[in-house]
Amino acid sequence: MTDDAEQIDPLANMRLTALRMLRDSGEFPESVRWEASPAGLVMQASPDWEHARILTGLRHLLEPSLPAEILVLEGVAFVVGVGTERTPDLVVLDPRKKAEFREGHATSASGVWMFVEVTSDSTRRVDLREKPNEYARAGVPVMLIVDRQKHEVIVHFEPVDGRYTFTERVRAGAPVRLPEPFEATIESGFLLDHL
């Protein structure tokens with residue numbers, strides 16, 4: 001991290017070091033996820049059954065619409081800003097544009113096509129308010145959010161100057177258009193059984 005970054009957020013390095021120590025401590029089950037943000041360290045409990053089913057359904061919809069070399073992965077941590085590391089629920093990634101990986105996390109969003117978040121009661125505020133700006137600043141082309149409380153799918157796209165230029169909201173069950181680099185539409189009808 002540069003001196004400029006340390007001046008912006010002097011605790012950034014400490015948060016990321018503490019995050020690594022917590023993950024490596026062996027004190028917590030692997031199903032517990034940790035994230036670091038400017039607000040501090042956040043422990044997230046294991047997703048519930050419906051959350052997991054939504055992720056599985058999204059994977060099944062996304063994978064056939066993608067070129068063979070594009071991957072849909074879970075559990076990959078990304079540094080998305082100064083002292084900020086997030087683990088999206090799903091990431092769509094072009095492995096040919098490799099981000100540098102260090103200590104189990106990607107140091108940039110290079111090669112990322114999309115981050116996906118599925119809200120839960122404990123993560124909804126962060127997923128809807130903080131992560132879109134963080135992901136846009138990191139240059140993630142598309143962010144898809146399944147808002148379980150409002151029964152809608154939100155697609156943010158075209159990041160410019162740290163903000164997504166466009167946002168589309170679709171009721172669960174309706175077709176969801178994914179913009180570049182996808183240029184595809186996925187059906188979200190399966191969500192009606194899990195919201």
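Contact here means heavy atoms within 4.5 Å. With that cut-off, and leaving aside neighbours within four places in sequence, Met 114 touches Leu 62, Leu 90, Val 91, Val 92, Val 140, Val 142, Met 143, Leu 144, Leu 178 and Phe 182. The model is predicted, so local features need pLDDT of at least 70 and side-chain atom pairs count only at pLDDT 80 or more, while totals for chains, interfaces and linings use all residues. Residues are numbered from 1 along each chain as its sequence is written, and side-chain values use heavy atoms, with hydrogens and water left out.

On the whole-chain level, the secondary structure comes to 4 helices and 14 strands; these are DSSP runs numbered from the N terminus, with helices (H or I) of at least four residues and strands (E) of at least two. Buried residues make up 46% of the 195 residues in the chain, where buried means under 20% relative accessible area, exposed means over 50%, and partly exposed is in between (1.4 Å probe, protein chains only). Among contacts between residues at least 6 apart in sequence, 50% join residues at least 24 apart.

Back to the core around Met 114. A nonpolar core is taken as a set of buried Ala, Val, Leu, Ile, Met, Phe, Trp, Tyr and Cys residues joined through side-chain atoms within 4.5 Å. The largest one has 28 residues, of which Leu 58, Val 92, Met 114, Leu 144, Leu 178 and Phe 182 touch the most other members. At least two residues of this core come from each of α3 (49-65), β6 (90-93), β9 (112-118), β10 (142-147), β11 (152-160), β13 (175-178) and β14 (184-187). There is also a second, separate core of 16 residues, with Val 80, Val 91, Leu 93 and Tyr 164 among its members.

Aromatic pairs come next. Rings of Phe, Tyr and Trp (its six-membered ring) pair if their centres lie within 6.5 Å; planes under 30 degrees apart count as stacked, over 60 as edge-to-face, and the rest as tilted. The count by this rule is 4 aromatic pairs. In one of them, Trp 113 and Phe 182 have ring centres 5.4 Å apart and planes at 90°, so the pair is edge-to-face. It links distant parts of the chain, with Trp 113 in strand β9 and Phe 182 in the loop between β13 and β14, 69 residues apart. Both Trp 113 and Phe 182 are buried. Phe 115 and Tyr 135 make another edge-to-face pair, at 4.6 Å centre to centre and 75° between the planes. Since Phe 115 sits in strand β9 and Tyr 135 in helix α4, this pair ties together parts 20 residues apart in sequence. Phe 115 and Tyr 135 are buried too, and together with Phe 78 they form one aromatic cluster.

The buried residues of α4 are Arg 124, Val 126, Asp 127, Lys 131, Pro 132, Glu 134, Tyr 135 and Ala 136. Just after the helix, Gly 139 takes a positive phi of about 85°.

As for charges, the structure holds 13 salt bridges, each a side-chain nitrogen of Lys or Arg within 4 Å of a carboxyl oxygen of Asp or Glu. Being 4 residues apart in the helix, Lys 131 and Asp 127 are separated by about one helical turn, and both are buried. Salt bridges that share partners also join Arg 86, Arg 125, Glu 130 and Glu 134 into one network.

Elsewhere, Arg 59 and Glu 74 form a salt bridge at 3.5 Å, N to O. Arg 59 lies in helix α3 and Glu 74 in the loop between β3 (71-73) and β4 (77-81), so the bridge ties together parts 15 residues apart in sequence. Arg 59 is partly exposed at 22% relative accessibility, as is Glu 74 at 42%. The salt bridge between Arg 96 and Asp 94 (2.8 Å, N to O) pairs an exposed Arg 96, at 56%, with a buried Asp 94, at 3%.
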